[in-house]
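Subject: Structure for your attention

Dear colleague,

Please find below the structure that I am handing over to you. My notes on it come directly after.

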Amino acid sequence: MNAILDFAPPLLLAALGGVLSERAGVVNIGLEGMMRFGAFFAAAGSIWTGSPLIGLLCGALAGAAAAGVHALLCLRYRADQVVSGIALNLVALGLITFLLEAFFGSSGVSPPVPALPRDRFGHNGLVYFSLAAPLVLHFIFSRTAFGLRIRAVGEHPHAAATLGVRVLRLRAICVLGSGALAGLGGAGLSVGILGQFDSRMPAGQGFMALAAVVFGKWTPLGAAGAALFFAAADALQRQLSFSLHAADMRLEGVFLALPYALTLLVLALGLGRTRAPAADGIPYEPEGR
Amino acid sequence: MSAAPALELRGIVKRFAGVAAVDGVSLSVNPGEVLALVGENGAGKSTMISVACGLYRADEGEVRAFGAALPPGDPRAAIEAGVGVVYQHFMLVGPLTVWENVVLGREPLRFGIVVDRERARREVAEAAQRFGLTVDVDARIESLGVGAQQRVEIVKQLWRGARVLILDEPTAVLSPREADELTQTVRALAKDGRSVVFISHKLREVLAVADRVAVLRRGKLVQTVARAQTSAQQLAEAVMGTVLPALAREATAAGLLPAQESLDLEEAAAKTAPGATYPAPRLVARDLCCEGSRGRPALRGLSLAIFAGEIVGLAGVDGNGQSELAEVLTGLRAFQGTLELDGREGWARSPGAARAAGVVHLPEDRHRRALCLPLNVEENLSLGRQGDPPYAHGALIDRAGRRKKALELVHAFDVRPPDPLARAGSLSGGNQQKLVAARELAGGAPPLLVVAVQPTRGLDLGAAAKVHDALRTARDAGAAVIVLSLDLDELRALASRIVVLYDGRVTGEAPPTASDDALGRLMLGQPPAGTPMASKPAGMQPRAELPE
């Protein structure tokens with residue numbers, strides 16, 4: 001249980017970021033890249049300032065900055081959102097590898113970072129934050145005017161526009177928020193869990209977060225549940241691979257694939273009958289019909 | 001009340017890619033007045049609306065509301081000034097509820113950020129009640145029928161304090177009864193001192209509802225006349241520029257103009273009296289049953305016989321099985337029961353089989369079903385027969401043959417521009433429908449059965465006449481033609497008999513000369529007039545809104 005809670009924040013926060021962006025109508029394949037930016041700059045920020053909290057902030061800002069590029073391409077220039085996201089992932093892969101080498105002279109890991117303070121249960125603040133975030137996002141979606149507008153913009157932006165809602169501005173805010181959440185999730189990996197940045201981060205967690213968005217039917221609570229489920233599968237896999245030892249290492253791949261296989265199964269069986277927001281991924285053209 | 005018009009557009013010019021869609025139009029509507037805006041597709045009506053409500057920024061000219069100039073390209077300012085639009089394609093968010101849609105963008109708040117649900121629901125209900133518009137504020141939009149959605153749109157504008165209401169083709173999707181109710185609503189709004197701009201193709205409706213009529217043609221204002229000083233004939237001439245005698249008669253018969261004489265119709269009906277020269281029916285349906293989109297039974301034992309060489313109109317309130325019947329006949333929907341075409345069964349098991357058997361389809365939604373918009377005209381014309389001559393030669397496309405056939409069809413059906421390489425999506429709605437008609441009716445072997453669903457929905461007079469002509473030509477060539485339409489006048493103009501559907505069954509049949517009232521009773525599943533239970537038309541009202 002503790003292991004689940006410790007491993008959950010990155011995935012959970014990234015999944016919420018995905019929900020936020022996609023409910024506003026912007027597909028965010030770039031979660032993986034945004035997490036990577038967040039993970040690296042959180043580590044770098046902590047090392048330079050000596051404060052892990054400022055590190056987390058750096059991570060969120062770096063994620064948001066990466067998301068800013070996505071927003072600019074998708075909203076301003078109406079680029080294909082999937083292509084833009086993939087490009088972002090590739091840029092993150094190359095650029096961060098380069099920066100790791102440039103700043104820390106290493107191609108593998110960064111120096112250790114100052115750890116986040118832990119409470120008496122051994123959890124850091126990020127765990128509690130990530131557990132509260134889905135509730136907050138749920139409240140925003142269901143009860144606030146801001147949330148109502150997000151839902152409308154993701155379903156039928158032209159209808160919202162005729163009522164005076166500023167579609168592109170709202171979408172930009174959501175994409176930036178999405179990046180900040182994903183960046184914070186990435187920070188959770190480097191500063192929160194491992195205590196250093198590893199050049200393989202986030203190792204597919206961003207894509208897993210996307211799966212959690214779909215599995216969770218594009219709702220904050222659903223996606224959070226799915227993320228916790230994946231985190232549980234992840235924790236289980238770690239436990240098992242510890243106990244398997246070298247002889248059975250070949251089986252590790254099976255366990256690694258477990259969460260994804262379960263997602264595919266669930267989707268294929270139609271247990272979670274899902275429908276994406278109607279305007280998800282469709283660029284908004286103000287004078288279009 | 002001030003002397004300033006409620007809404008005034010002065011010298012509006014709007015160009016798209018250098019082409020003026022609206023070219024120097026000035027219009028105004030006074031408080032308490034209903035102004036009708038008529039014109040063919042592409043005449044610039046929609047562009048005018050978009051300029052008026054701030055969605056488009058005019059290249060020249062200005063928009064004034066109650067004497068004050070509106071900042072161009074700012075929908076919010078137009079709303080603030082009291083200008084509300086009900087679009088032809090509703091601007092409603094399907095998964096949200098009625099009240100959420102109404103308050104979106106101007107939500108009543110508590111604590112500055114939380115939507116005050118109770119207040120929102122109460123206010124929306126009050127706004128609806130004030131003008132006698134029945135809506136369930138908690139219903140999800142996607143669960144509502146078209147008529148109810150339109151009422152939501154009107155409530156939405158009224159709740160926002162719209163004092164000028166612009167209705168874009170409001171009756172295009174309504175049943176005759178819903179259209180009548182809308183007319184009453186519009187008159188009630190005008191009585192309340194609000195202004196309405198009513199856009200329509202149907203001159204008869206326009207004359208019933210408007211105080212003044214403005215006619216647009218090719219982006220220019222042709223005339224503005226008071227209702228009392230014009231006639232349907234005169235309006236039709238203004239809309240079309242010139243009126244060919246045949247076209248005018250056609251338009252009259254189609255209900256686009258009020259009928260002066262019904263002689264033509266009776267003549268036409270007599271000429272194609274059913275059964276006289278065609279002994280065996282072309283199409284026999286016995287006890288057809290099928291499910292609708294949500295697993296509800298849509299057809300419940302429908303039986304029908306249709307002869308070669310006749311046009312049969314199928315009438316009914318939307319959602320009584322018409323769409324499903326069209327889908328069954330074209331192989332798109334599974335069914336139980338017997339379905340024979342020239343005495344043979346099994347042809348309706350798939351769309352391919354139905355096409356091979358000589359069934360052609362002019363579907364309800366030409367964008368979703370009939371055309372592939374990104375492809376060009378000649379490619380669209382070959383779809384469905386793309387593997388057969390003259391469109392193909394063995395496994396390869398016969399480009400020369402396809403081009404020749406496409407040019408032939410495009411000219412025969414007057415598709416404009418007559419360019420086989422034009423993208424289908426770039427054509428106007430009327431020309432798209434002509435394209436569909438050309439492919440279905442003349443693209444291959446002469447059809448045995450034509451299924452046309454709302455064939456002229458949203459089309460202008462000229463295009464509607466063309467499509468009607470094409471259906472008549474198919475009939476004269478020996479096809480059995482079924483026309484499903486919500487527009488009774490269209491059925492009267494085309495059909496030799498009108499079969500009425502109610503709740504998935506045939507409730508009766510009437511000659512095209514039957515009155516609205518008689519057909520209306522059948523459409524509501526009631527016995528024809530004269531029986532004791534039919535007291536007065538108002539008694540039918542509660543049933544007019546049938547579940548989808």
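Predicted model: local features only at pLDDT ≥ 70, side-chain atom pairs only at ≥ 80, totals over all residues.

Residues are numbered from 1 along each chain as its sequence is written, chains are lettered from A and ligands numbered from 1 in the order in which they are written, and side-chain values use heavy atoms, with hydrogens and water left out.

Interface of chain A and chain B

In chain A, 23 residues are in contact with 31 residues of chain B (contact means heavy atoms within 4.5 Å). The buried area between the two chains is about 2300 Å², and carbon and sulfur atoms give 59% of it; the term denotes the accessible area (1.4 Å probe) that two parts lose on being put together, summed over both.

Two salt bridges are found across this interface (a side-chain nitrogen of Lys or Arg within 4 Å of a carboxyl oxygen of Asp or Glu). A salt bridge joins the side chains of A:Arg149 and B:Glu107, at 2.7 Å from N to O.

On the side of chain A that touches chain B, helix 5 (125-143), helix 6 (145-155) and helix 7 (157-162) of chain A each supply at least two residues. Helix 6 of chain A gives the most, with six residues. Helices (H or I, at least four residues) and strands (E, at least two) are DSSP runs, numbered from the N terminus.

Sheets of chain B

An open sheet of six strands in chain B has the order 6-9-10-3-11-12, with mixed pairing; two strands pair if DSSP finds at least two bridges between them. Strand 6 (83-86) and strand 12 (220-226) of chain B each have a single partner strand, so one side of each is left without a neighbour in the sheet. Strand 11 (residues 212-217) and strand 12 of chain B run antiparallel and are joined by six bridges. Within this pair, B:Arg217 stands opposite B:Lys220 of strand 12.

Three strands of chain B form another open sheet, in the order 14-13-16 and with antiparallel pairing. Its edge strands are strand 14 (297-306) and strand 16 (336-341) of chain B. Strand 13 (residues 283-291) of chain B is joined to strand 16 of chain B by five bridges, and B:Ala285 stands opposite B:Leu339 in strand 16.

Yours sincerely
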